[in-house]
Amino acid sequence: MSESRAHIHIDKLTMAYGDFVIQRDLSFDINRGDIFVIMGGSGCGKSTLLKHMLGLITPAKGDIAFNGQSFFSAPPARQDEMRQGWGITYQTGGMFSAMTLAENVTLPLQLYTDFNRDQIAEVVAYKLALVGLDGYQDYYPSEVSGGMRKRAALARAIALDPEILFFDEPSAGLDPISSRLLDELIQQLQESTGATVVMVTHELPSIYGIATNSVYLDAHTRTMIGYGDPKHLRDHSNEPVVRQFLTRGLGAAEDSTA
Amino acid sequence: MSSSTAQIQLDLDNDHGAKLHFAGDWVEGSATPEYLDFRPQLLASAPNTLVLSGEGLGEWDSIFMAFLLQLCNDCRERDISIDSAALPASAHRLLQVATTVKPHKPPEEDSPPLLATLNPVAMLKGVAEGTRDSLAFMGEVTVALGRLAVGKANTRFSDFLTFCYQAGPNAFAIISLTSVLVGMILAYLGAVQLQQFGAEIYVADLVVIGMLREMGALMTAIVMAGRTGAAYAAQLGTMQTNEEVDAISTMGISPVEFLVVPRMLALVAMMPLLTIYANILGIVGGGIVAGGMGITPLQYINAGEAAIDSAHIFVGMLKSFVFAVLIAVAGCRSGINSGRSSAAVGQAATEAVVTAVVYLIIADAAINILFQQLGI
Ligand SMILES: Nc1ncnc2c1ncn2[C@@H]1O[C@H](COP(=O)(O)OP(=O)(O)O)[C@@H](O)[C@H]1O
Ligand SMILES: [Mg+2]
């Protein structure tokens with residue numbers, strides 16, 4: 001795979017909170033237009049990796065480059081510019097509870113575009129329509145269901161037509177049907193906008209349904225032990241842990257009986 | 001890349017069909033046609049089908065999609081079928097995604113006219129309702145206290161101690177400052193009048209009686225309303241927001257027993273102590289001013305001692321007990337009834353302080369009138 005195609009390049013990254021190393025020596029590429037999944041057991045550092053990619057935490061060692069440009073050695077103004085091309089949803093929602101759904105989506109538009117008020121209202125209606133929430137403009141996050149809140153967060157993430165979308169467990173806590181609809185929505189948005197999607201998830205249906213590439217972080221060895229198309233990893237990974245994860249532990253049972 | 005202005009053109013054919021051409025760059029910052037300006041033209045031609053064509057279209061972004069979405073929603077309501085296949089492929093897809101779910105129509109609710117909110121009858125009703133709710137809340141608390149007395153309540157002693165610490169020792173600094181200053185203010189207030197009669201020595205009586213009976217309890221209560229009452233409302237409001245209160249209720253624990261009782265008892269236990277402390281410091285503050293007027297400390301202490309009377313102490317302690325209950329009720333009630341957003345928590349804290357201060361002043365006046373009549 002050539003360097004030039006990589007949209008995000010993770011280079012020998014070591015992540016730590018103080019002296020406590022979470023993961024070390026992570027190196028992989030995320031290509032333009034990928035739906036890239038970061039997977040692994042609870043507490044292995046998936047959210048931490050995402051926060052590093054978002055520049056919220058500085059790496060203990062190594063670097064992350066976007067379009068070949070290092071993020072952490074870029075000047076702050078350049079970092080802000082890079083951030084404007086990102087759309088993010090957080091694991092615990094991150095919707096501003098004191099603002100209506102429309103105000104939540106309006107905020108980035110007000111900050112970063114020259115649209116006038118009417119245009120903003122129109123664009124907000126369009127973004128909410130994309131996630132199936134047109135007409136819910138004046139509802140507060142607490143007044144809609146969990147699935148709707150997740151979709152509203154998605155609408156806010158895509159407000160500025162981002163190049164890269166980061167999702168931390170977008171379908172956690174949703175029923176299987178809502179969760180599938182959300183996956184489909186992510187896939188449709190990816191296909192029609194060509195954005196690169198990076199998401200943390202451990203929902204197997206999402207992983208098999210939409211992921212085009214993935215990395216597996218292991219909590220025990222504190223590094224990545226799988227990288228590639230998840231379907232391929234399931235059938236051909238050398239690591240029993242990865243196969244076990246991708247088959248909900250059934251693979252291991254087969255292994256041990258075999 | 002040369003930019004060209006965004007344009008639309010509607011062509012009608014003779015078979016009730018119409019074709020809408022989009023041309024130019026539809027991007028943020030360029031002047032794009034408004035859908036509402038175009039709408040009359042579309043309605044006037046009333047086609048059965050509308051074909052969208054993006055042949056001359058340059059660059060486009062969300063503002064183009066926003067136009068298309070309004071167009072599609074309008075056409076759907078009027079049963080005009082839309083064919084968007086001739087748009088750029090990604091615009092066609094985005095439009096399909098955006099129109100899969102019909103816009104939600106929020107239920108109409110009419111807001112009351114502005115004048116109705118100023119209606120004095122309605123306002124009085126609001127106050128009456130608030131008082132009734134507070135009384136009902138006090139009733140619940142009383143029941144919970146009853147259960148506590150017979151050892152059946154889910155109240156944790158460790159919570160009580162934590163709240164005692166927060167409401168007591170943590171408040172020393174602010175209480176010290178305010179009560180010394182209040183003592184000095186009382187002394188100055190009296191000094192100006194008493195000097196005219198050469199009766200400066202009565203400053204001591206004034207400060208002692210003023211602090212013991214009135215200002216010690218009231219000032220402590222007002223500080224505690226802003227400090228602890230607001231904190232109670234914010235704590236409980238946040239717990240309400242995080243669904244913690246729901247979690248407590250569904251565990252079969254009464255939120256009043258678990259959350260309100262320890263807070264109220266802590267305040268009831270601490271307020272009289274703080275009041276005693278405030279009284280002492282207030283009297284010291286008065287002594288400083290008296291010293292400035294030429295009264296020696298010994299004279300001040302002698303005169304002050306003579307003014308101390310068990311009735312004054314009793315009235316002050318009774319007040320501080322009543323005030324503690326009122327502050328705890330106002331704070332906890334606002335918190336428990338708070339809405340579930342960060343703004344609602346702020347509102348609950350404000351409401352807690354305002355209600356508490358109003359209750360304090362009314363209660364103070366009532367107690368004063370009562371004891372005046374009783375001659376205590
Ligand atoms: N702010 C923090 N300070 C210290 N340790 C943290 C912090 N956030 C997370 N951790 C620890 O880092 C590890 C990885 O956490 P996280 O990235 O949230 O895992 P997950 O893969 O479940 O998203 C966990 O052991 C967690 O306890
Ligand atoms: Mg996580």
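Me: Which helix of chain A gives the most to the shell around ligand 1?
Reply: Helix α1 (residues 46-53) of chain A does, with three residues. A helix here is a DSSP run (H or I, at least four residues), numbered from the N terminus. The model is predicted: local features need pLDDT of at least 70, side-chain atom pairs count only at pLDDT 80 or more, and totals for chains, interfaces and linings use all residues. Residues are numbered from 1 along each chain, chains are lettered from A and ligands numbered from 1 in written order, and side-chain values use heavy atoms, without hydrogens and water.

Me: What makes up the shell around ligand 1?
Reply: A residue is near a molecule if one of its heavy atoms lies within 4 Å of it. The residues around ligand 1 include A:Tyr17, A:Ile22, A:Lys46, A:Ser47 and A:Thr48. By class, the shell has three nonpolar, five polar and one charged residues. Gly counts as polar in this scheme, Tyr and Cys as nonpolar.

Me: How do you know that A:Ser47 has a polar contact with an oxygen atom of ligand 1?
Reply: A polar contact is a pair of N or O atoms within 3.5 Å; within protein, one must be able to donate a hydrogen and the other to accept it, and residues adjacent in sequence count only if both atoms are side-chain atoms. A polar side-chain atom of A:Ser47 lies 2.7 Å from that oxygen. The A:Tyr17 side chain reaches a ligand nitrogen at 3.2 Å. A polar backbone atom of A:Cys44 is 3.4 Å from a ligand oxygen. Taken alone, ligand 1 exposes 570 Å², and the protein buries 56% of that (Shrake-Rupley, 1.4 Å probe).

Me: Why is the pair A:Glu191 and B:Arg93 called a salt bridge?
Reply: The term asks for a side-chain nitrogen of Lys or Arg within 4 Å of a carboxyl oxygen of Asp or Glu. Here N to O is 2.6 Å, so the pair qualifies. The count between chain B and chain A is one salt bridge. The side of chain B that touches chain A takes its largest share, seven residues, from α2(B).

Me: How much area do chain B and chain A bury between them?
Reply: About 2300 Å², 58% of it on carbon and sulfur atoms. This is the accessible area (1.4 Å probe) lost on being put together, summed over both. Contact (heavy atoms within 4.5 Å) takes 25 residues from chain B and 27 residues from chain A.

Me: What makes A:Arg32 and A:Glu163 a tie between parts of chain A?
Reply: Their closest N and O atoms are 3.5 Å apart, in a salt bridge. A:Arg32 lies in the loop between β2 (20-31) and β3 (35-39), and A:Glu163 in the loop between α5 (146-157) and β7 (164-168), so the pair ties together parts 131 residues apart in sequence.

How values were computed: Buried area is the accessible area (1.4 Å probe) that two parts lose on being put together, summed over both. Helices (H or I, at least four residues) and strands (E, at least two) are DSSP runs, numbered from the N terminus.
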